[in-house]
Amino acid sequence: MSYFIRPFTLSIRLFANMLAGHTMLGIFGGLAASIGLLAILPLGAAILLFALELLVAALQAYVFAILTCLYLNDAIHMH
């Protein structure tokens with residue numbers, strides 16, 4: 001049963017991390033747009049969050065690849 005659940009948990013984890021990053025960018029982007037000309041601080045925060053989201057995306061891609069390889073190895077070489 002665990003071999004059937006693993007792909008779903010892996011996709012839910014990846015989806016949740018992507019959704020969280022995009023939500024934060026949307027919040028700070030909306031704040032910067034609503035302030036107008038004085039949006040230096042929220043815009044800077046949005047740029048820093050975008051850099052953080054790129055770092056998290058690279059890390060998630062690495063973790064996704066490693067876990068996929070481990071899951072496939074476990075499925076092929078059952079103990």
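Leaving aside neighbours within four places in sequence, Asp74 is in contact with Tyr3 and Arg6 (contact means heavy atoms within 4.5 Å). Now draw a distance between the C-alpha atoms of Asp74 and Tyr3: they are separated by 8.4 Å, although the two residues are 71 apart along the chain. Asp74 is found in helix H2; helices here are DSSP runs of H or I with at least four residues, strands are runs of E with at least two, and both are numbered from the N terminus. At 24% relative accessibility, Asp74 counts as partly exposed (buried is under 20% relative accessible area, exposed is over 50%, and partly exposed is in between, with a 1.4 Å probe and protein chains only).

A word on the ground rules before you move on. Residues are numbered from 1 along each chain as its sequence is written, and side-chain values use heavy atoms, with hydrogens and water left out. Because the model is predicted, local features need pLDDT of at least 70 and side-chain atom pairs count only at pLDDT 80 or more, while totals for chains, interfaces and linings use all residues.

**The two helices**

Next, colour residues 2–35 as helix H1 and residues 40–76 as helix H2. How do they pack? The angle between H1 and H2 is about 175°, and their axes are 10 Å apart. That makes H1 roughly antiparallel to H2. The axes are lines fitted to C-alpha atoms, for helices over the stretch in contact, and angles run from 0 to 180 degrees between N-to-C directions. Under 35 degrees counts as roughly parallel, over 145 as roughly antiparallel, 65 to 115 as roughly perpendicular, and the rest as oblique.

Ala, Val, Leu, Ile, Met, Phe, Trp, Tyr, Cys and Pro count as nonpolar, Asp, Glu, Lys and Arg as charged, and the others, Gly among them, as polar.

**The largest pocket**

Now select Asn17, Met18, Gly21, Glu53 and Val56, which lie nearest the centre of the largest pocket, out of 14 lining residues. The volume of this pocket is about 240 Å³. On a 1 Å grid over the protein atoms alone, a pocket is an open set of points with protein on both sides within 12 Å along at least five of seven lines; a cavity is a set where a 1.4 Å probe fits but cannot get out; lining residues have an atom within 4 Å of a point. Points are joined across faces, edges and corners, and a volume is the space filled by probe spheres set on them.

Which helix gives the largest share of the pocket lining? H1 does, with eight residues. By class, the pocket lining has nine nonpolar, four polar and one charged residues.

**The cavity**

A search of the whole structure finds one cavity of 30 Å³ or more.

Is Gln60 buried or exposed? Gln60 has 11% relative accessibility, so it counts as buried. Beyond its neighbours within four places in sequence, Gln60 is in contact with Arg13, Leu14 and Asn17.

**Two last stops**

Select His22 in helix H1. His22 is exposed, at 52% relative accessibility. Its C-alpha atom is 15 Å from that of Ala32, 10 residues apart along the chain.

Finish at Gly44 in helix H2, which is partly exposed with a relative accessible area of 28%. From C-alpha to C-alpha, Gly44 and Leu31 are 12 Å apart in space and 13 residues apart in sequence.
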